[in-house]
Amino acid sequence: MTSPAALAHPRFSLTEPLPVPAPGAGPAQLPRLLPRHGAVPVRLTDHLRAYGPVPYRGRSGHLIREAAAAGLTGRGGAAFPVHRKLAAVAGAPEPVVIGNGAEGEPASNKDKSLLWISPHLVLDGLQLAAEAVGSLTIGLYVHRNPRLLRHLQVALAERVDARADRAPVELIEAPSRFLAGEASSLASVVTGGAALPRLKDPRLSERGVAGRPTLVQNVETLAHLALIARYGAGWFRAVGTSAEPGSMLTTLYQASGRADVTEAALGTPLADLLSLAGAGAVLVGGYHGAWLATPEAAGLRLSNATLRPAGAFVGAGVLAALPAGRCGLAETARVVRYLALESAGQCGPCFNGLPRMAAALSVLALPEGPRAARRGMGGRWPDRAAARADLERWTGLVEGRGACHHPDGTARLVRSALRVFAAEAGLHCRGQCTGTEARPFLPLPPEPAIDAADWS
Ligand SMILES: Cc1cc2nc3c(=O)[nH]c(=O)nc-3n(C[C@H](O)[C@H](O)[C@H](O)COP(=O)(O)O)c2cc1C
Ligand code: SF4
């Protein structure tokens with residue numbers, strides 16, 4: 001990354017005066033982040049008319065306190081308190097700030113939608129986070145997509161013309177890999193290396209991009225920060241729960257086949273987001289998330305407080321209602337095969353454990369009767385019961401033993417599948433399957449990239 005030479009003072013080229021929002025005066029209802037979802041991207045002039053100029057603070061402490069009062073947590077999956085990450089980097093020598101828009105999870109579309117429709121909210125948040133930690137080196141790391149990149153270049157050029165930014169923003173393409181958005185992997189790519197997670201400490205807040213203290217925030221987190229800076233913590237807390245305030249973007253897959261990105265208040269009943277009639281099970285939290293039985297999901301909410309006891313968490317907001325005719329074991333087997341191929345192969349338990357889990361799941365998931373299965377296995381009898389027992393054991397063995405959370409997330413998905421689809425697994429062990437529709441439901445890239453060159 002290049003370091004900006006000088007601080008650019010914000011100045012707006014618009015002739016008419018811009019409204020300066022009063023605290024608490026933000027949109028009373030949702031949506032807050034995607035006001036024109038499904039329609040035209042918001043241009044800078046419209047953005048400035050709606051929200052006013054970027055509310056720079058001129059110093060770091062104020063916005064960090066506001067983020068703490070708002071209770072804003074990261075929307076990239078781990079829900080870590082934002083003020084603690086800002087405070088860890090504030091005042092460090094030459095810090096780097098990166099907006100994470102890699103969105104490596106194939107089932108998630110919320111960051112791409114946000115960057116496409118409301119890029120200036122993200123870019124405002126990026127500038128404000130950089131100001132809060134005293135950084136002039138800013139990057140936006142985005143999913144590799146030529147159209148999206150061009151769109152963001154235009155948005156950045158609009159801001160240069162309007163002199164809206166304190167410091168320039170460098171766009172960095174994320175490799176199309178599941179792990180590319182993991183924060184230490186991101187730091188490696190931005191420094192010029194491969195998209196591989198870091199095996200050891202120190203934390204990125206101490207040594208990240210090019211060895212400099214680094215703040216990485218998800219792009220949705222930054223958009224929320226931009227609104228909190230304008231309308232205040234009280235406004236942010238007007239939706240959500242007291243422990244998990246605010247809203248989040250969710251990517252919803254309905255059993256009907258409809259997929260959509262929707263903003264929802266934390267604490268919203270899952271049944272208000274997904275139509276559960278006709279759902280065989282519900283996937284919560286994406287491919288590092290967990291399956292829930294439909295009646296169980298019907299009583300739960302979009303909040304870690306209610307999901308955690310069920311072994312699930314909101315993650316980056318991917319929710320899927322599996323249609324009743326689909327085999328949950330077959331769906332899980334496809335996803336785990338993908339996740340195994342996406343292992344960076346740096347840690348033994350992940351490198352060896354994930355492919356074994358994927359292979360065992362594919363045996364357990366074999367949908368056809370014993371004769372067809374025997375044919376497929378070259379005459380050998382596929383021992384589904386042994387595969388099931390191996391899976392139970394291996395989920396415990398890989399967990400907590402990788403340098404990153406990839407094996408933990410994969411193990412969580414497999415464990416939840418064994419629990420929620422236990423009756424189906426019993427049928428499979430007898431060579432039967434209730435699935436009536438073999439077409440895959442959960443989205444995956446056409447063919448996982450396994451070539452080493454694809455890591456950069
Ligand atoms: C395997 C893995 C993949 C991840 N992929 C992404 C991603 O694509 N986008 C993202 O924002 N965060 C991703 N994360 C989380 C990041 O490591 C990091 O916590 C996050 O970007 C920080 O932003 P936040 O605190 O605003 O959520 C991933 C984490 C793991 C373990
Ligand atoms: S746990 Fe897996 S994905 Fe993570 S660094 Fe180790 S080998 Fe790579």
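**Entry 1: the whole chain**

I began with contacts, meaning heavy atoms within 4.5 Å. In the protein chain, 76% of the contacts with a separation of 6 or more come from residues 24 or more positions apart. I noted that this is a predicted model, where local features need pLDDT of at least 70, side-chain atom pairs count only at pLDDT 80 or more, and totals for chains, interfaces and linings use all residues. Residues are numbered from 1 along each chain as its sequence is written, chains are lettered from A and ligands numbered from 1 in the order in which they are written, and side-chain values use heavy atoms, with hydrogens and water left out.

I looked up the secondary structure next. The protein chain has 17 helices and 9 strands. These are DSSP runs, numbered from the N terminus: helices are H or I with at least four residues, strands are E with at least two.

Then I checked the surface. The protein chain exposes about 18,600 Å², by the Shrake-Rupley method with a 1.4 Å probe; for residues, only the protein chains shown count as cover. Carbon and sulfur atoms supply 54% of that area. Of the 456 residues, 53% count as buried. Buried means under 20% relative accessible area, exposed over 50%, and partly exposed in between (1.4 Å probe, protein chains only).

**Entry 2: salt bridges**

I looked for salt bridges (a side-chain nitrogen of Lys or Arg within 4 Å of a carboxyl oxygen of Asp or Glu). The count is 17. I also found a network of them linking Arg75, Lys110, Asp111 and Glu220.

**Entry 3: a pair within one helix**

Aspartate 46 and arginine 49 form a salt bridge, at 4.0 Å from N to O. Both lie in helix α1 (residues 44–51). They are 3 residues apart, about one turn of the helix. Aspartate 46 is partly exposed at 30% relative accessible area, and arginine 49 is partly exposed at 40%.

**Entry 4: a buried pair**

Aspartate 124 meets arginine 159 in a salt bridge, with the closest N and O atoms 2.7 Å apart. This pair links distant parts of the chain, 35 residues apart. Aspartate 124 sits in helix α5 (residues 119–133), arginine 159 in helix α6 (residues 146–162). I checked the cover: aspartate 124 is buried at 2%, and arginine 159 is buried at 1%.

**Entry 5: strand to loop**

Glutamate 173 and arginine 144 form a salt bridge of 3.2 Å, N to O. Glutamate 173 is in strand β3 (residues 169–174), and arginine 144 is in the loop between β2 (137–143) and α6. They are 29 residues apart. Glutamate 173 is partly exposed at 38%, and arginine 144 is partly exposed at 36%.
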